Amino acid sequence: MFVNVHIPFAGNIAETDLSIPYDQISTSENLSQLPDDKSTKIVLYCRSGRMSEIAAEELVSLGYTNIWNLDGGIADWEQAGFEIEK
């Protein structure tokens with residue numbers, strides 16, 4: 001699962017499954033959008049990596065065991081020449 005947690009919304013990387021604000025990732029409404037199996041791989045990203053790091057720490061504290069953070073976020077993604085969907 002590929003989740004954009006950046007606020008305000010600044011675009012998605014292709015094939016993004018969800019957009020959830022990093023500071024609201026642990027609300028029951030948003031958790032219900034994530035897989036019930038807490039060992040499912042979830043990759044989080046934001047603009048630079050900081051918001052996704054915070055969201056990753058929150059999910060780990062809730063028992064998720066396969067959380068990944070896209071290093072450098074959208075900024076590094078674009079710098080590498082990949083597109084962002086606006």
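Lys38 touches Leu62, Gly63, Tyr64, Thr65 and Asn66, leaving out residues up to four places away in sequence, where contact means heavy atoms within 4.5 Å. The place of Lys38 is in the loop between α1 (28-31) and β3, with helices (H or I, at least four residues) and strands (E, at least two) taken as DSSP runs numbered from the N terminus. Lys38 is partly exposed, with a relative accessible area of 35%; buried means under 20% relative accessible area, exposed over 50%, and partly exposed in between (1.4 Å probe, protein chains only). Between Lys38 and Ser19, which are 19 residues apart in sequence, the C-alpha to C-alpha separation is 18 Å.

This is a predicted model, in which local features need pLDDT of at least 70 and side-chain atom pairs count only at pLDDT 80 or more, while totals for chains, interfaces and linings use all residues. Residues are numbered from 1 along each chain as its sequence is written, and side-chain values use heavy atoms, with hydrogens and water left out.

**Overall fold**

- The protein chain has 3 helices and 4 strands, and from the N terminus on its elements follow the order β-β-α-β-α-β-α.
- The radius of gyration of the protein chain, 12 Å, agrees with the value near 12 Å that a compact globule of 86 residues would have; the radius is taken over C-alpha atoms, and the globule rule is 2.2 Å times the number of residues to the power 0.38.
- Along the principal axes, the C-alpha atoms of the protein chain fill a box of roughly 35 × 20 × 20 Å.
- Among contacts in the protein chain with a separation of 6 or more, 62% are accounted for by residues 24 or more positions apart.

**Surface and charge**

- Of the 86 residues of the protein chain, 36% count as buried.
- The accessible surface of the protein chain comes to about 5,000 Å², and 50% of that surface belongs to carbon and sulfur atoms; the areas come from the Shrake-Rupley method with a 1.4 Å probe, and for residues only the protein chains shown count as cover.
- The protein chain carries 5 positive and 14 negative charges, whose mean positions are 4 Å apart; Lys and Arg count as positive and Asp and Glu as negative, with His and the chain ends not counted, and the place of a charge is taken as NZ of Lys, CZ of Arg, CG of Asp or CD of Glu.

**Aromatic pairs**

- The structure holds 2 aromatic pairs; rings of Phe, Tyr and Trp (its six-membered ring) pair if their centres lie within 6.5 Å, and planes under 30 degrees apart count as stacked, over 60 as edge-to-face and the rest as tilted.
- The rings of Phe2 and Tyr45 form a tilted pair, because their centres are 4.8 Å apart and their planes stand at 40°.
- Phe2 lies in strand β1 (residues 2-4) and Tyr45 in strand β3 (residues 42-45), so this pair ties together parts that are 43 residues apart in sequence, and both Phe2 and Tyr45 are buried.
- The rings of Trp77 and Phe82 also make a tilted pair, with centres 4.7 Å apart and planes at 35°; Trp77 counts as partly exposed at 27% relative accessibility, and Phe82 counts as partly exposed at 46%.

**The loop between β1 and β2**

- Ile13 is found in the loop between β1 and β2 and is buried, with a relative accessible area of 1%.
- Not counting residues up to four places away in sequence, Ile13 touches Phe2, Tyr45, Leu70, Ile74, Trp77, Ile84 and Glu85.
- Ile13 and Glu83 are 70 residues apart in sequence, yet their C-alpha atoms are 7.1 Å apart in space.
- Pro8 lies in the loop between β1 and β2 (18-19), and the peptide bond from Ile7 to Pro8 is cis, with omega near -5°.
- Glu15, in the loop between β1 and β2, has a positive phi, near 75°, in a residue other than glycine, and counts as exposed at 69% relative accessibility.
- Most residues other than glycine have a negative phi, and most peptide bonds are trans.

- Ser52 lies in helix α2 (residues 50-61) and is buried, with a relative accessible area of 0%.
- Leaving aside neighbours within four places in sequence, Ser52 is in contact with Val5, Leu44, Tyr45, Cys46 and Asn69.
- Asp76 has its place in helix α3 (residues 73-79) and is partly exposed, with a relative accessible area of 39%.
- The C-alpha atoms of Asp76 and Arg47 are separated by 8.5 Å, with the two residues 29 residues apart along the chain.
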